[in-house]
Amino acid sequence: MFNIKGKVVVITGASSGIGEAAARLLAQQGAHVVIGARRVERLQALASSIRSEGGSVEFQALDVTRLEEMQSIMDLALTRFGRLDVVINNAGVMPLSPLEALKVDEWNRMIDVNVRGVLHGIAAGLPVMRKQSSGQFINLASIGAYTVSPTASVYCATKYAVRAITEGLRQEVGGDIRVTLISPGVTESELAETISDTEARELMKDYRRVSIPASAIAHSILYAISQPAEVDVNEIVVRPTASL
Ligand code: NDP
């Protein structure tokens, strides 16, 4: 594994779960992390904790559904650290429900955050990376990007989309820019807390009984970033050992 010291890494959705674990781990490894999410008080606490361990971090309120906020956090990285090495498009929501429940607002929210949010990260980061002739996108999909299950059609559709966008991006910009898709299985986080549908909540309780810590996914992110520049880790799937 190569050194990631001094790399400038923007992480979306860093106020909990995988984003938070990645921010801690990458900062411990010497990266400058620039973290965004909507819950600024969480970011502030995380930044204090990272700084108390000697890490380098900046934070800013970020709603990934707003392109101008995504551009603004890239600007923060550039102003503060002078370059942009990695964008981790991690922010996501998962309010599962059967299609027949017609929770159209929740479908739209998943499309806005999980798909538009990733596209906004690309739109804001790609011109900077093109100018530098280097950079890396790490997009968080899911094992739901490979199979569909009841109550998860729309969530899975958004993650299939992330997988398609990531592969398309790799084909178009590979050469200068590295592109990595990370697909976690069940991971400890706050992700299931947004489920408002009773049936989906019950199904999830059972499904989430076996899980891995968010730090496991952070380590796969570190693995992808820490490869030498000519090595592009395209896809990583990480599941709990006990899952089918
Ligand atoms: P969490 O719910 O713990 O974290 C999700 C993060 O996304 C939070 O920091 C939240 O912050 C942020 N977020 C939500 N909406 C927005 C928004 N509009 N703008 C900016 N940030 C937003 O879940 P995970 O850590 O598990 O999720 C991280 C990623 O991993 C997601 O893409 C998820 O789909 C994926 N994943 C997770 C799995 C798991 O089992 N945990 C399995 C497969 C994939 P805030 O509310 O403060 O904005």
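Here are a few notes on this predicted model, arranged point by point.

1. **Ground rules.** Residue numbers start from 1 along each chain as its sequence is written. As the model is predicted, local features need pLDDT of at least 70 and side-chain atom pairs count only at pLDDT 80 or more, while totals for chains, interfaces and linings use all residues.

2. **Helix H3.** Helices (H or I, at least four residues) and strands (E, at least two) are DSSP runs numbered from the N terminus. H3 takes in residues 67–81, 15 residues, and reaches 21 Å from its first C-alpha to its last, close to the 21 Å expected at 1.5 Å a residue (the expected span is 1.5 Å times one less than the number of residues). Just after H3 comes Gly82, with a positive phi of about 80 degrees.

3. **The core.** The largest nonpolar core has 66 residues, and Val9, Val10, Ala22, Ala23, Val33 and Ile35 have the most contacts inside it. Such a core is a set of buried Ala, Val, Leu, Ile, Met, Phe, Trp, Tyr and Cys residues joined through C-beta atoms within 7 Å. H1 supplies the largest share of this core, seven residues. Leaving aside residues up to four places away in sequence, Ala23 touches Ile11, Ala14, Val33, Ile35, Leu46, Ile50 and Val57.

4. **Two phi values to look at.** Most residues other than glycine have a negative phi. Leu102, not a glycine, has a positive phi of about 50 degrees; this residue lies in the loop between strand E4 (86–89) and H4. Leu102 is exposed, with 10 other C-beta atoms within 10 Å. Thr151 also has a positive phi, near 75 degrees, in the loop between strand E5 (135–140) and helix H5 (153–173). Thr151 is buried, with 21 other C-beta atoms within 10 Å.

How values were computed: A residue is buried if 20 or more other C-beta atoms lie within 10 Å of its own, exposed if 12 or fewer, and partly exposed in between; C-beta atoms are placed from the backbone. Two residues are in contact if their C-beta atoms, placed from the backbone, lie within 7 Å.
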